[in-house]
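Visitor: Could you show me how to read a protein model, step by step?
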Amino acid sequence: MAKVQGAVTVDEERCKGCDLCVVACPTDVLNLQPKEVNNRGYHFAYMANADACIGCAACATVCPDGCIEVYRVVLK
């Protein structure tokens, strides 16, 4: 049986670093960038632990700005 892994893309320039996606993630995949900021001055979300993503889309559901997209990738 094929394994399904999730993949998250964040529109870094639109992200305002509200931290809702980080809190909503059940597998601690997302984190806020500690040193870099986007052109609006916010620490943006990024995939800190990409291998743990299950593709549940909880992060995309709670994002108030709609800057997160979640994909499911089938591994062979």
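Guide: Let us go through the fold, the surface and the charges in turn. This is a predicted model, in which local features need pLDDT of at least 70 and side-chain atom pairs count only at pLDDT 80 or more, while totals for chains, interfaces and linings use all residues. Residues are numbered from 1 along each chain as its sequence is written, and side-chain values use heavy atoms, with hydrogens and water left out.

Visitor: In what order do the elements of the protein chain run from the N terminus on?

Guide: Helices (H or I, at least four residues) and strands (E, at least two) are DSSP runs, numbered from the N terminus. Here the order is β-α-β-β-α-β, giving 2 helices and 4 strands.

Visitor: How many of the 76 residues count as buried, in percent?

Guide: Buried means under 20% relative accessible area, exposed over 50%, and partly exposed in between (1.4 Å probe, protein chains only). In this protein chain, 26% of the residues are buried.

Visitor: Which residue forms a salt bridge with Lys16?

Guide: A salt bridge is a side-chain nitrogen of Lys or Arg within 4 Å of a carboxyl oxygen of Asp or Glu. The structure has 1: Lys16 pairs with Asp65, their closest N and O atoms being 3.7 Å apart. Lys16 sits in the loop between strand S1 (3-10) and helix H1 (20-24), and Asp65 in the loop between helix H2 (58-62) and strand S4 (68-75), so the pair ties together parts 49 residues apart in sequence.
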